[in-house]
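Visitor: I would like to learn how to read a few features of a protein model with you. Could we take them one at a time?

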Amino acid sequence: MKILSTLYKEFLLLARDPGGMALIFIMPLALVVVMALVQDAPFRDYQEIKLEVLFVDADADSLSAKIKQAFAASPNVSLVMEKDSIVAKKRVQAGDFKAAIIIPQNTSAALRNKTRQLITTVFADFGLPAQADSTPLPGVDLKILFDPAIKANYKQSLSGAVEKIIANVQTAWVLDELQSQLGEGKPAPPKRDFKLTEIVRVSTQYASENKFQGLMLNSVQHNVPAWTMFAMFFILYPLAGNFIKEREEGSMLRLRLISGSQFPVIAGKFSFYFLVCLTQFVMMIAVGIFVMPWLGLSKLALGGDALNIFITACAVAMAATGYGVLIGVYFKTAQQALSFGSVSVVILSAIGGVWVPVYVMPEILQSLSRFSPMSWGLESFNDLFLRQASIGVILPNVLKLVAFALVTLLASVVIHKSRTVV
Amino acid sequence: MSIVVRLDHLTKQYLKAPRPAVSNMSFEIPEGAVFGLLGPNGAGKSTTVMMLCGLMRPDSGTVSVLGLDMQEHGAEVRKKIGVAPQEIALFPTLTAHENLVYFGRMYGLKKDEIKRQIEKYLSVFNLREKAHKQVGTFSGGMKKRLNLIAALLHQPRLVILDEPTAGVDVQSRNMILDFLTDLKAEGTSIIYSSHVLEEAERICTHLGIIDEGTVLQTGTRGHVMAQHPDCQNLEQLFLKLTGKNIRD
Ligand SMILES: Nc1ncnc2c1ncn2[C@@H]1O[C@H](COP(=O)(O)OP(=O)(O)O)[C@@H](O)[C@H]1O
Ligand SMILES: [Mg+2]
């Protein structure tokens with residue numbers, strides 16, 4: 001069969017082209033590993049990172065105990081004890097820690113006294129037996145020191161959290177004080193724990209289509225499909241390169257001399273590079289699953305729907321191959337084809353969210369990303385890997401990829417035909 | 001005797017070229033002939049060959065090969081003719097054998113036929129030992145011979161060879177000419193473009209002498225020579241017709 005023979009011929013040509021082989025199989029591996037390692041920290045910054053905060057407890061009383069207790073339960077912050085506030089300040093300045101919470105001596109006492117004074121004043125205002133006391137109390141400064149490089153949202157949430165804990169403690173103490181002052185001279189009623197925080201609970205979770213929870217876009221989860229996309233589109237380099245070489249070396253003339261129809265020639269080439277793309281895909285996924293954990297990164301999660309993943313991979317492979325064929329057919333010299341081709345792939349990958357996820361890009365680029373076939377593929381893989389999307393969800397993107405493939409192939413055939421006869 | 005090729009007022013001018021590469025060219029080639037398409041460099045031989053095999057469209061005029069118009073039936077005709085273009089048309093990183101197998105496949109030949117043909121021609125052209133070496137490592141003569149084999153695999157009725165001996169050593173050239181003599185004896189028609197006149201004298205039955213895209217003289221070799229009784233040989237006649245100016 002002519003298509004199969006061409007496929008085998010393409011295989012031989014590529015196998016004897018070390019540069020092409022390296023571009024197809026080594027470069028993507030290097031890229032995905034390096035990028036996943038480099039972007040590991042920034043991705044942690046976006047989300048799952050555990051913030052280490054220095055804690056200087058000069059108070060050593062109930063308020064500081066409460067703060068410690070609250071952060072101990074937090075999944076996002078871990079406190080590191082430090083005795084000396086000056087040392088703490090230095091370490092934050094040095095960038096060892098992103099923040100330090102400094103609770104000065106007698107903070108609990110001051111808060112307690114202030115609370116008592118407040119209640120007493122209120123009682124006196126209502127004519128209840130109490131001694132109004134308006135002596136000004138000394139204030140205390142609870143300090144949170146931040147590394148200037150800390151992200152604004154961390155700063156806010158950390159100080160918000162501390163303020164919230166103080167407010168809670170104060171509320172509890174107000175109630176305590178009320179109970180004890182109202183009960184003055186009477187047998188003490190049982191102390192109650194009002195558990196205020198249990199009335200309105202705020203719970204957070206990721207909005208996701210189904211029950212599958214807890215998977216976040218981490219470095220591996222972003223970079224593996226992203227650079228797979230890049231690698232697949234980059235096959236235009238050997239593909240278009242070979243195409244033009246065949247034209248220049250005359251073997252394409254031989255094929256034109258042999259028969260009327262160029263269909264088997266193009267179809268064989270297309271099928272071969274389509275299979276190359278799928279091989280790249282499998283290889284990159286394998287790296288995500290087996291190599292990434294070994295490098296101390298997380299393991300690539302696939303979601304689980306193998307069929308949908310296969311369909312998407314095929315759609316991307318078609319689009320990438322179609323694009324490569326078009327570049328090879330359209331440009332007259334290898335120089336033009338390869339420089340235009342690789343620059344265009346880099347641009348399509350940048351706006352397609354390969355280098356950084358689309359959602360952290362400026363608005364204008366986000367709207368541009370809709371035009372990059374790589375973003376269609378990437379979106380589909382994120383849908384499948386992170387959200388176990390159904391075929392219905394990925395279908396629009398898959399169809400766009402297939403349509404892209406058909407349009408590029410059709411254009412290639414038309415252009416190739418128009419140049420066959422001069 | 002039937003006509004295998006008929007050119008009728010063929011004209012072709014390349015884009016941006018100051019004058020046509022082929023201008024109002026007409027001639028006929030009878031079946032079984034070895035037709036020498038002779039002319040100095042730039043005379044229009046390769047352009048004529050490309051139009052003969054339908055890969056270039058004439059601006060005006062018609063080409064008919066094996067009785068079929070190339071404009072309409074190009075693909076069909078190409079299955080029956082074998083063309084060895086002037087430039088090597090092979091995959092340099094495939095071996096000689098791999099090149100030929102692939103081309104045989106693309107001709108639509110059966111596996112055992114491909115095998116038989118390849119064995120035969122590799123021996124004929126003394127390429128057997130190099131069969132499994134990559135073509136890129138071949139000498140010019142070896143490439144030319146292989147290029148020729150690629151045109152013969154499907155046993156065409158008409159073989160068109162564009163300067164098959166250019167850049168080839170004496171042994172290779174001799175081998176090719178001997179082979180063409182045998183091929184003619186089997187009844188295959190041959191179009192042989194060249195500017196080497198001793199070769200033409202050795203194998204051609206018919207001549208077409210062209211220059212600047214036009215036919216200067218055509219007919220059987222005897223007929224052409226008879227037109228110029230003052231010329232002792234083909235070279236004198238050629239110089240008389242095309243002038244002594246050096247061509248690029
Ligand atoms: N692709 C081309 N574009 C423009 N001019 C060409 C092209 N190919 C050939 N020519 C010109 O056409 C003329 C005939 O060329 P060609 O058919 O190759 O001659 P020959 O094969 O007899 O040496 C020459 O003047 C040549 O410079
Ligand atoms: Mg020529």
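Guide: Gladly. Let us start with a definition: a salt bridge is a side-chain nitrogen of Lys or Arg within 4 Å of a carboxyl oxygen of Asp or Glu. Keep in mind throughout that this model is predicted. With that cut-off in hand, look at B:K45 and B:E163: their closest N and O atoms are 3.6 Å apart, so the pair qualifies as a salt bridge.

Visitor: Where in the chain do B:K45 and B:E163 lie?

Guide: B:K45 belongs to helix α1 (residues 45–52) of chain B, while B:E163 is in the loop between β7 and α6 (170–185) of chain B. The two are 118 residues apart, and the pair links distant parts of the chain.

Visitor: Are B:K45 and B:E163 buried or exposed?

Guide: Both B:K45 and B:E163 are buried. The general idea behind such pairs is that side chains of opposite charge can pair when their charged atoms come close.

Visitor: How many salt bridges does a search of the whole structure find?

Guide: Over all chains, the search finds 18 salt bridges. One of them joins the side chains of A:K98 and A:D147, at 3.8 Å from N to O. A:K98 sits in the loop between α5 (85–93) and β3 (99–103) of chain A, and A:D147 in the loop between β4 (143–146) and α7 (152–182) of chain A, so this pair ties together parts that are 49 residues apart in sequence. A:K98 counts as partly exposed at 30% relative accessibility, whereas A:D147 is buried at 10%.

Visitor: Which residue does B:R157 meet in a salt bridge?

Guide: The partner of B:R157 is B:E31, with 3.2 Å from N to O. B:R157 lies in the loop between α5 and β7 (158–162) of chain B, B:E31 lies in the loop between β2 (22–30) and β3 (34–38) of chain B, and 126 residues separate them. B:R157 is partly exposed, with 42% relative accessibility, and B:E31 is partly exposed too, with 25%. Salt bridges can also join up: A:K9, A:E10, A:E246 and A:K269 are linked in a network of them.

Visitor: Let us turn to the interface. How many residues of chain B are in contact with chain A?

Guide: On the chain B side there are 32 residues, and they are in contact with 25 residues of chain A. Between them the two chains bury about 2,500 Å², 63% of it on carbon and sulfur atoms. For polar features, the count between the chains is one salt bridge and seven residue pairs in polar contact. The salt bridge is formed by B:E98 and A:R16, whose closest N and O atoms are 2.6 Å apart.

Visitor: Which elements of chain B give two or more residues to the side that touches chain A?

Guide: They are α2 (70–78), β6 (81–84), α3 (96–107) and α5 (140–150) of chain B. Of these, α3(B) gives the most, with six residues. By class, that side of chain B has 20 nonpolar, six polar and six charged residues.

Visitor: How should I read the interior?

Guide: In soluble globular proteins, nonpolar side chains tend to be buried together. Here the largest nonpolar core has 70 residues, and A:F233 and A:F381 have the most contacts inside it. Beyond its neighbours within four places in sequence, A:F233 is in contact with several residues, including A:V316, A:Y323, A:M374 and A:F404. Apart from that core lies another, of 55 residues, among them B:M106, B:A151, B:L183 and B:I209.

Visitor: What about a residue such as A:S219: which element is it in?

Guide: A:S219 lies in helix α8 (residues 219–234) of chain A. A:S219 is buried, because its relative accessible area is 1%, below the 20% cut-off. Setting aside neighbours within four places, A:S219 is in contact with A:M35, A:A36, A:Q39, A:D40 and A:F43.

Key: Residues are numbered from 1 along each chain as its sequence is written. Chains are lettered from A and ligands numbered from 1 in the order in which they are written. This is a predicted model: local features need pLDDT of at least 70, side-chain atom pairs count only at pLDDT 80 or more; totals for chains, interfaces and linings use all residues. Side-chain values use heavy atoms; hydrogens and water are left out. A nonpolar core is a set of buried Ala, Val, Leu, Ile, Met, Phe, Trp, Tyr and Cys residues joined through side-chain atoms within 4.5 Å. Buried means under 20% relative accessible area, exposed over 50%, partly exposed in between (1.4 Å probe, protein chains only). Contact means heavy atoms within 4.5 Å. Buried area is the accessible area (1.4 Å probe) that two parts lose on being put together, summed over both. A polar contact is a pair of N or O atoms within 3.5 Å; within protein, one must be able to donate a hydrogen and the other to accept it, and residues adjacent in sequence count only if both atoms are side-chain atoms. Helices (H or I, at least four residues) and strands (E, at least two) are DSSP runs, numbered from the N terminus. Ala, Val, Leu, Ile, Met, Phe, Trp, Tyr, Cys and Pro count as nonpolar, Asp, Glu, Lys and Arg as charged, and the others, Gly among them, as polar.
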